[in-house]
2 protein chains.
Amino acid sequence: MTNFLKLQSVDSILEHIRKFSPLPGERLPLEDALGRVLAAPFTAPENLPSFTRSSMDGFAVMARDVFGASESAPALLDYAGECPMGGKTELVLAPGQTARIWTGGMLPEGADAVVMLEYSRWDGGAQVELTKPAAPFDNVIATGEDAEKGAELLGAGRFLRPQELGLLAAFGVRTVEVRRMARVAVISSGDEIVPGDVAPAPGQVRDINACTLSALVRSGKGTARFYGIAKDSGAELLRMLEEAMTWADAVLLSGGSSAGQRDYALEALSAVSCMEILAHGVAISPGKPLILARRGEQSFWGLPGHAGSALVCAEVFIRPLLRRLAGQDEPEPWRNAVRAVLGRPIASAQGRRDYIKVRLRPPEDPGGLPSAVPVTGKSGLIATLTEADALVICPEDQEGLAAGGIVLAYFLQ
Amino acid sequence: MTNFLKLQSVDSILEHIRKFSPLPGERLPLEDALGRVLAAPFTAPENLPSFTRSSMDGFAVMARDVFGASESAPALLDYAGECPMGGKTELVLAPGQTARIWTGGMLPEGADAVVMLEYSRWDGGAQVELTKPAAPFDNVIATGEDAEKGAELLGAGRFLRPQELGLLAAFGVRTVEVRRMARVAVISSGDEIVPGDVAPAPGQVRDINACTLSALVRSGKGTARFYGIAKDSGAELLRMLEEAMTWADAVLLSGGSSAGQRDYALEALSAVSCMEILAHGVAISPGKPLILARRGEQSFWGLPGHAGSALVCAEVFIRPLLRRLAGQDEPEPWRNAVRAVLGRPIASAQGRRDYIKVRLRPPEDPGGLPSAVPVTGKSGLIATLTEADALVICPEDQEGLAAGGIVLAYFLQ
C-alpha cells in the first residue's frame, strides 16, 4: 500500500537544503536591520575613534613626566589649560606640562596618557600634583584603537545584534545591505479543515497549521503569506500552488503528503512543470510522509497534517532552510541546545531519527544538568507541544535512549 | 572626589527591578502576538477535538471485534460503508461491522479504534479482512484528548511561541490579551556626541548608544523612542527627561551618570518631583557609575557613556527589566547560558561583579564543552563587543577565575 519511493535520512534532506542559494540582498535603514544577516562584508572606512580620546576625567600628561609618581612623591607639573569638549584642542603640551581633560575629550598634542582625577591635587593655581604614574595610553582610547581603517569588521553572513548595528552607527552608516527575507507561502489542505474564524460543524476542525507555520516562519525572520485551505483535490491544490509560486521562495503544504487515496500533494507537485521531487518519505518521527521538491531556487514542502507533527518537521527542516536562505551557517549544537539528563527511557525504531518533545526541569544540585522529561501524549497533538521546552533526538542507529543518559535538548523557540 | 553614596550589589539592583509591576494588558490579533506574553490564563472553552477522529487511513472498528486478528487468522467484518470527510457520519456500527475511514475523519458511533489500511484486505465487496488487532483508542484522537474543556492550558505570563498560538487557533481564538510592550525612552548626552547623520568635526564622535540601546529594547520586545542628545547641562537633560516621562515606562540616559563636574544625570533626575534615587553606583564592571531612580512605576537609568559599557549594563539590567514589565519570570541560567571551559585566566577585584566578554569556540572532542575565550580590548569599545558571543561572570567573592575552570557563558542575543 505505501507508495513511498524510498525513505531518505534526515541528513540527506538537510543536505538538499544546503544546495539552495542564499537570497539576494536588499538595502535597509540601519534601525530596521536588527536580527537580519549582512549580505556583504563591512570594512572600516576610517579609524575609530578618529582621534585619541580620554576615557576618564583627569589630567592629560606625557607618561614620562609622571614616571614613579606616588602619594608621598607626587609629580609636579605646570598647568597648561583645559581641553575643550567636542572640539579640537589648540593646546600643545610641552615637557613638564599637564592639561585638565574630561571623559571623551581629545588629547592635546604632546600628551599620551591621562592620570585620573582621583590621583591629582590642584588648587586652581599654576601647578598640579599627580600622585600616580601612568604608562603611555593609560586611560585613553587611541586613534583606531576601537577599529582600524581598512580592517574587515563584519563578514558577510553576520547576524546583526545591537552591537553590530552600533559598530556600523559609529561610522555613520545609515543603510545596510542585508539578505532579503525569505517569502514563505503556507497552504493547508483537507476536506475537514475550516478557517479559524468559521465555527466547525460536526466532523470539521479548525485550521491550526496556517497559524503555527506562519508564526514559525516569522520567528525565523521570514515573511509568511497564507494562500488558503485546499479541499482534497489535486486540481485545487495545483491552482493554489501555482498562485503561491509567483511570489514564494518556499511553499509549505500541510496535509495530504502521504501516499493514500486522498493524498494529493505529490500529484499536484508533480503536475508543475520543471518540478523535481527530491524526496517523498523521510526516516523521521514524526513526519515520515514528508515531501521535498525543488523548482529552480524554490523549494516545496509537503508536511504532515497533524498540527504537532507539522510544527516539529518545520523546526527540523524549515528553520535550517530559513537560515540557509539568509546566508547563515547552521549553529553549532551547543548554541541552541542544552545538555540534560534524560528523565525517562525513550523507545524508538532503528533506522529512524525520532524527535522527542521534552520538558526541562531545573537540576537537583546547582552545578548539575537540568533534566529532560519526555512529554506524554500522542505526537500529532498541539497541546503537548505547548508543554515542551525542547526536542531530544534519538538517532537512527539506536533503538531508544536510556533514562539517566546525557542528551542534547534543542530549545523550541 | 567620588560622591558615590554607596556601591550597591548587582543583586540589589535586580531586586529593585522585581518591585516594578508588570504592565497592563492589551488585546491583539492572534497573529501579532508571537513573542509576546499572555496577560491572563487561557482555559479550554470546549473539548479538542470536539469529536473522536481517526489519525490514520484505515477501517473503523470495535476493538473487541479484531481481538487476536493476525495475518494468518484475520478478523472478518461486514463492510458498513465509508465515513465522510468533514461531516458527521450517519453510520452506526453494529457488532461485527467495520467502516472505511480517512485520517481526520469522524469515527462512527459504535467504533472505538482504527485498524490501519496496511493491515486490511478488501476487494470492495461485503466483507473486510483485518490482519492486526487494535486496542480501544488505537489510531484515533479521542474527544478532548488534545485538551479537555475547562482545563487551564496556558497560564498568565506564558511566552507565546508558534505552538501556543496554534493551540489558541485550534479553539477559534482570534484576539488575545498580552502584556503591553514596554515604552523605553533613550537619551544620549555629551558635548562631544553628534547624531549619526552628522559628520563629526575634530573632537566629536557619533552617537552609538542611541542605536544600540534602542536595538536592545526592540530585541526584548519593547518599543524604543529616541529623545535626542543632551549637551552637558542639567537644564537640557531635565527638559528631555520631562518630555520622555510623559510617554515612557523606562528612560535610559547614557553618559553623565558619574560623579564628576560634568556629570549632570543625577542633578537632572534629582530635580524631578517625586523622584526616588534608588542607587548611584553599583559594584559592577563595566558600569560602576550606574544610576537607578524610580517615580511611581517609571524607572530611570543612568548608564555609562562608553558604548560597550552601556550595552553590557543594558544586558545585565534592562533585559531583566523588560521581562519583569512583561510579567515574565527570569529564565533559569541553563536556558540562556552554556557551560564552557574558560580559555584564559581572568583577574578581577574582590567585592565587584565583573562581566567578561568571551568568544565561544567549539569543543575539542565532540562530547566536550565549548571553550570561552575572553575578548581582549578595553571594556568601553564597541568593536570588541561585536566579537563576543557571551558574557562570563566573575562573582563578588572571587579575585579572578582560573583558566580551565567551568563557567556559565550567557549568550549575547
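Predicted model: local features only at pLDDT ≥ 70, side-chain atom pairs only at ≥ 80, totals over all residues.

Colleague: How many residues of chain B are in contact with chain A?

Modeller: On chain B, 76 residues are in contact with 76 residues of chain A.

Colleague: Which element gives the most to that side of chain B?

Modeller: H2(B) gives the most, with eight residues. Elements that each supply at least two residues include strand S11 (152-154), helix H3 (209-219) and helix H6 (307-325) of chain B.

Colleague: And what is that side like by class?

Modeller: The side of chain B that touches chain A has 36 nonpolar, 23 polar and 17 charged residues.

Colleague: Why do you say the copies meet through the same surface?

Modeller: Because 100% of the interface residues of chain B are also interface residues in chain A.

Colleague: Change of topic: what is the strand order in the six-stranded open sheet of chain A?

Modeller: The order is S16-S13-S17-S21-S20-S18, with mixed pairing. Strand S16 (223-230) and strand S18 (276-280) of chain A stand at the edges with a single partner strand each, so one side of each has no neighbour in the sheet. Neighbouring strands are turned by 15 degrees against each other on average, direction ignored.

Colleague: Do S18(A) and S20(A) run parallel or antiparallel?

Modeller: Antiparallel, with four bridges joining S18(A) to S20(A), residues 291-295. Ile277(A) stands opposite Ala293(A) in S20(A).

Colleague: Which strands does helix H3 of chain A lie across?

Modeller: Helix H3 (residues 209-219) lies across S13, S16 and S17 of chain A, and runs at about 165 degrees to S13(A).

Colleague: Last one: at what angle do H1 and H6 of chain A cross?

Modeller: Roughly 25 degrees, and their axes come within 9 Å. That angle makes H1(A) roughly parallel to H6(A). The crossing is right-handed.

Colleague: Which residues make the contact?

Modeller: From H1(A), Val10(A), Ile13(A), Leu14(A), Ile17(A) and Arg18(A); from H6(A), Val316(A), Phe317(A), Pro320(A), Leu321(A) and Arg324(A). They divide into eight nonpolar, no polar and two charged.

Terms used: Residues numbered from 1 in each chain as written. Chains lettered and ligands numbered in written order. Axes fitted to C-alpha atoms, helices over the stretch in contact; angles between N-to-C directions. Parallel < 35°, antiparallel > 145°, perpendicular 65-115°, else oblique. Left-handed = near helix turned anticlockwise from the far one by under 90°. Contact = placed C-beta atoms within 7 Å. Nonpolar A, V, L, I, M, F, W, Y, C, P; charged D, E, K, R; others polar. Pairing = 2+ DSSP bridges.
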